[in-house]
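The model is shown below.

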Amino acid sequence: MAAETSVPRRSGAAAVIQWRGLMAGVLALAVGWGGIVYAANNSVQGAPKKEDGGFDGDAPTAILMEASSGSVLFEKNADELRAPSSMMKLMTVEVVFNAIKEGKVKLTDEYRISENAWRKGGAPAGGSTMFAILNSKVSVEDLLKGAIIQSGNDSCIALAEGMAGNERIFAADFLTKRARELGLTKSTFGNSNGLPDPANKMTVRELAKLARHLILTYPDMYKLFGEREFTWNKIRQQNRNPLLNTLNGADGLKTGYTKEGGYGMVGSAVQNDTRLIVVINGLEDPDDRASEAKKMLEWGFRNFETRTLFAADQPVGYAKVFGGESRSVKLASPVPIKVMVPKNGSEKLIARIVYNGPVRAPVQAGQPVGVVKVWRGTHIAGETPVYAAEAIGTGSTMRRAIDGASELVIGMFRASAEKL
């Protein structure tokens, strides 16, 4: 089922929600009962031009996201797969962070620098490296610093080999598996560090989602991204992120370059309690990369503000229930549903509840049901999970029979419609 609401843009606190009418809900119900419900296309190819109040940028692929709500402020070819280069190291870092969080790995654990890690990612390779010594043992904590601050390819290979035995297993069984768990459905991986490999592909949207996850899930570990330098093997190296020295509030995340991918960056900064994430890829010059990322972040901070659409635990709509003592269940979010909107704009916000339905009884209070998607014009402004705000018990035998018959009829209707 998909409920559709129109949210007028207003000044002040919470916006007033006006239902668009029963007919839209009925049509969505007829389509949605068969499985996947209403879902709008959230891939926007191109973006508003500067004269229309949008950002005017040169990066072939780019996205600007507000971290708290996930609101997308700007996107350009955001779902185009490209070589992520060293930005892919963020996925390796997330796998290690998660293993530490789950107690499977300790910061004090030590992994050996194999000949493979040394030759392919160390000093002999001529790429970014922490200069780890062949056959030395390095703690996970120092390997993370080498990967994050120095962009060490040897650091990532050592982490991959230490956790999985070799890079290929790490790429398939650790990176890919974890990416899918995080909802990164397009990303593919061939190694641990982003060195050229045909299998290394990510979109700027999925890189932004990954960065947001790192920021929100591992606040203590995230601080590593803001460290300005790291010394290993008596070699001091500066953090490669140019935003740290040029933009107030910048504290992450990762740059990248390969011939295949061009120059790219995942960056983040906080100003006036608002955190923005920028991802760009495919530029031909490192200076353009730095200036483009900075320009996009400054544009976002200058032109957008946060609005609350629904307070925490405020009902946002209902989901259809199958075989329950009630025909529907109230939905809410335990956190406020917020989006970023233009400060001086007049765009209308459209909010829709999207879920697989109907929800089968019994329904537990707090049970995840779906998401509220908010559109600002043609852009996805944010997605927030919603949960059952009440418990719904199993209905009578007659109720379940009626619902079953209804679902059968609607399924037949949908199958017939698909043949047309």
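## Cavities

The count comes to 3 cavities of 30 Å³ or more. A cavity is a set of points, on a 1 Å grid over the protein atoms alone, where a 1.4 Å probe fits but cannot get out. Grid points are joined across faces, edges and corners, and a volume is the space filled by probe spheres set on the points. This is a predicted model: local features need pLDDT of at least 70, side-chain atom pairs count only at pLDDT 80 or more, and totals for chains, interfaces and linings use all residues. Residues are numbered from 1 along each chain as its sequence is written, and side-chain values use heavy atoms, with hydrogens and water left out.

The second largest cavity has a volume of about 40 Å³. Its lining residues (an atom within 4 Å of a point) include Ile148, Asn239, Arg240 and Thr255. Strand S9 (residues 250-258) gives the largest share, 3 residues. Strands (E, at least two residues) and helices (H or I, at least four) are DSSP runs, numbered from the N terminus.

## Largest pocket

A pocket is an open set of points with protein on both sides within 12 Å along at least five of seven lines. The largest one has a volume of about 780 Å³. It is lined by 28 residues, and Ser69, Arg212, Glu383, Thr384 and Pro385 are the closest to its centre. Helix H7 (204-217) and strands S15 (337-342), S18 (368-376) and S19 (379-388) each supply at least two lining residues.

Domain 1 (61-304) and domain 2 (311-418) both contribute to the lining, so the largest pocket lies between them. The domain bounds come from an automatic or database domain assignment.

## Strand S3

In strand S3 (residues 61-66), 6 of 6 residues are buried, that is, under 20% relative accessible area (1.4 Å probe, protein chains only). Thr61, Ile63 and Met65 point one way, and Ala62, Leu64 and Glu66 the other.

S3 runs antiparallel to strand S11 (residues 274-283), joined by 6 bridges. Pairing requires at least two DSSP bridges between two strands. Met65 has Ile277 as its bridge partner in S11. S3 also pairs with strand S4 (residues 72-76), antiparallel, over 4 bridges. Here Ile63 stands opposite Glu75. The S3-S4 hairpin has 5 residues between the strands, and Gly70 takes a positive phi near 80°.

## Helix H4

Helix H4 (residues 140-148) has 8 of its 9 residues buried, so it is largely enclosed by the rest of the structure. Among the buried residues are Asp142, Lys145 and Ile148. Ile148 also lines the second largest cavity.

Methods:
Buried means under 20% relative accessible area, exposed over 50%, partly exposed in between (1.4 Å probe, protein chains only).
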